[in-house]
Amino acid sequence: MSKRTHKIALNPNNKQRKWFAQQCGYSRFAYNQALDDFKKYHDATGEYLSATELNSRFNVSKQDHGWTADMDQVVANKSIFKNLASAISRWRKKLSRFPRFKKKGIRDSWTTNLSNDKIDGKYITLPKIGRIKMFEELRFEGKVTTVTISRTAHRWFASITVETENTIAVEKDSTHPVIGIDVGINTLATCSDGTKYENPRPLKRYEKKLVRFQRRLSKRVQGSKNWYKQKDKVARLHYRIACIRDDAHHKATTDIVNRVSGIGIETLKVSNMLKNRKIAKALSDSALGGFLSMLKTKAEACGIKPKEADQFFASSKTCCSCGHKKDDLKLSERTYHCGACGISIDRDVNAAINLRNVAVGHTETQNACGDPVRRQSDAKVVEAGKVIWQQKPLPI
């Protein structure tokens with residue numbers, strides 16, 4: 001059995017929105033109270049309280065707050081057993097720093113239990129609040145376990161977790177081609193067959209409007225009604241930018257996966273690339289790491305295991321025809337001119353073809369020890385500055 005989650009937008013009324021906000025506050029209250037209890041007990045005794053002990057101590061202390069009786073008690077349990085316990089476990093394993101207290105308005109969400117009979121088409125029934133309309137039906141079939149209600153800008157979402165059977169992916173037949181994909185800033189993805197997917201770059205499109213909204217927010221009195229109104233406008237604009245970016249990524253990745261049998265992609269270290277201040281904003285706007293991650297997830301669901309080239313594989317500097325590798329290639333050179341064989345080809349298409357060769361196994365980028373290796377086709381004899389012999393790559 002595997003667990004899959006479907007995130008669906010909700011259409012609540014004002015009463016239901018208020019209830020959602022109250023549950024977010026209760027989840028935050030339980031988390032902060034339990035974390036404070038854990039910290040004080042550890043500072044005093046040097047010992048650690050388990051999640052069960054933290055939950056029992058919270059159930060005693062919450063009696064002093066009468067308003068907690070009207071809340072969904074599963075929300076507090078999930079906040080302690082799931083969120084806080086996981087944060088403490090990661091801290092004790094030295095995978096992250098000590099958990100911090102949650103703040104209002106930052107990643108507001110809460111989790112509760114759910115069963116299959118609580119979902120009827122486009123309606124979901126939550127404890128103590130009743131039926132709420134959803135914008136679409138649940139996509140997966142199986143046993144429904146939990147639901148997480150979260151807020152992004154002005155929208156509320158339900159992330160429904162379902163236990164489904166392990167389905168066998170349908171293998172693509174040999175009629176589907178193997179392609180290489182080169183990602184970039186101006187063009188989101190360039191395939192080895194010449195297909196290009198444009199990058200909408202929504203941040204660049206709405207940057208002036210975002211600057212204007214943020215300037216207005218800075219001039220408001222923090223905490224006033226006008227400040228909250230302007231803050232909501234900024235959040236809505238950020239949400240719109242994210243939706244445009246996600247829509248382009250989903251359309252491109254779905255179209256690619258549905259028409260191929262194999263994929264060759266490059267290995268990107270986005271954190272290192274962002275250190276270049278000249279292209280950092282454009283890289284962040286493109287979200288290339290998220291695009292490749294989405295592509296790999298969809299491909300694996302269809303039975304396609306993408307082949308990743310080595311991090312230092314020079315896909316752009318290497319000629320796809322003869323294998324000659326340039327020592328230097330400027331970013332402004334959009335057409336690749338090979339000095340060995342004389343071919344002229346689009347720079348991105350050339351890189352995509354090289355990644356396709358990696359996917360079909362014609363090019364090795366690592367040896368048995370995992371170190372980068374020189375392509376066999378790079379072997380050549382140079383006499384008087386002229387290439388008089390060069391080993392040809394294997395046929396594609």
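Reader: How should I read the pairing of β6 with strand β7 (residues 155-164), and over how many bridges does it run?
Author: In general, two strands count as paired if DSSP finds at least two bridges between them. Here β6 and β7 pair in the antiparallel sense over nine bridges. One of these places is Thr 152, whose bridge partner in β7 is Arg 155. The two strands form a hairpin with two residues between them, and Ala 153 in the turn has a positive phi of about 60°.

Reader: Where do the names and numbers come from?
Author: This is a predicted model, in which local features need pLDDT of at least 70 and side-chain atom pairs count only at pLDDT 80 or more, while totals for chains, interfaces and linings use all residues. Residues are numbered from 1 along each chain as its sequence is written, and side-chain values use heavy atoms, with hydrogens and water left out. Helices (H or I, at least four residues) and strands (E, at least two) are DSSP runs, numbered from the N terminus. By that count the protein has nine helices and 16 strands.

Reader: What is the strand order in the open sheet of three strands, and which strands stand at the edges?
Author: The order is β3-β4-β5, with antiparallel pairing. The edges are β3 (119-120) and β5 (130-133); each has a single partner strand, so one side of each lacks a neighbour in the sheet. Strand β4 (residues 123-126) is joined to β5 by four bridges in the antiparallel sense, and Ile 124 stands opposite Ile 132 in β5.

Reader: How is the packing of helix α1 (residues 14-45) against helix α2 (residues 51-61) described, and at what angle do they pack?
Author: Axes are lines fitted to C-alpha atoms, for helices over the stretch in contact, and angles run from 0 to 180 degrees between N-to-C directions. Angles under 35 degrees count as roughly parallel, over 145 as roughly antiparallel, 65 to 115 as roughly perpendicular and the rest as oblique. For α1 and α2 the angle is about 115°, with the axes 10 Å apart; the two helices are therefore roughly perpendicular to each other.

Reader: Which residues of α1 and α2 meet?
Author: Contact means heavy atoms within 4.5 Å. On the α1 side, Tyr 26, Phe 29, Ala 30, Gln 33, Ala 34, Asp 37, Phe 38 and Tyr 41 take part, and they meet Leu 54, Arg 57 and Phe 58 in α2. The residues of this contact comprise eight nonpolar, one polar and two charged. In this division Ala, Val, Leu, Ile, Met, Phe, Trp, Tyr, Cys and Pro count as nonpolar, Asp, Glu, Lys and Arg as charged, and the others, Gly among them, as polar.

Reader: How do the axes of α1 and helix α3 (residues 73-92) lie to each other?
Author: Their axes come within 9 Å and cross at roughly 45°, which makes α1 oblique to α3. Among the residues that meet are Tyr 31, Leu 35 and His 42 in α1, with Leu 84, Ile 88 and Trp 91 in α3. The contact divides into 13 nonpolar, six polar and no charged residues.

Reader: Is Arg 100 buried or exposed, and which residues does it touch?
Author: Arg 100, in the loop between α3 and β2, is exposed, with a relative accessible area of 60%. Not counting residues up to four places away in sequence, Arg 100 touches Tyr 31 and Leu 35.

Reader: What is phi at Lys 94 and at Arg 107?
Author: Lys 94 has a phi near 65°, a positive value in a residue other than glycine. Arg 107, also not a glycine, has a positive phi of about 55°. Lys 94 is exposed at 77% relative accessibility, and Arg 107 is exposed at 79%.

Reader: Is Val 349 buried or exposed?
Author: Val 349, in helix α9 (residues 347-360), is buried, with a relative accessible area of 14%. Val 349 touches Thr 190, Ser 192 and Lys 196, not counting residues up to four places away in sequence.

Conventions: Buried < 20%, exposed > 50% of the residue type's maximum accessible area, 1.4 Å probe, protein only.
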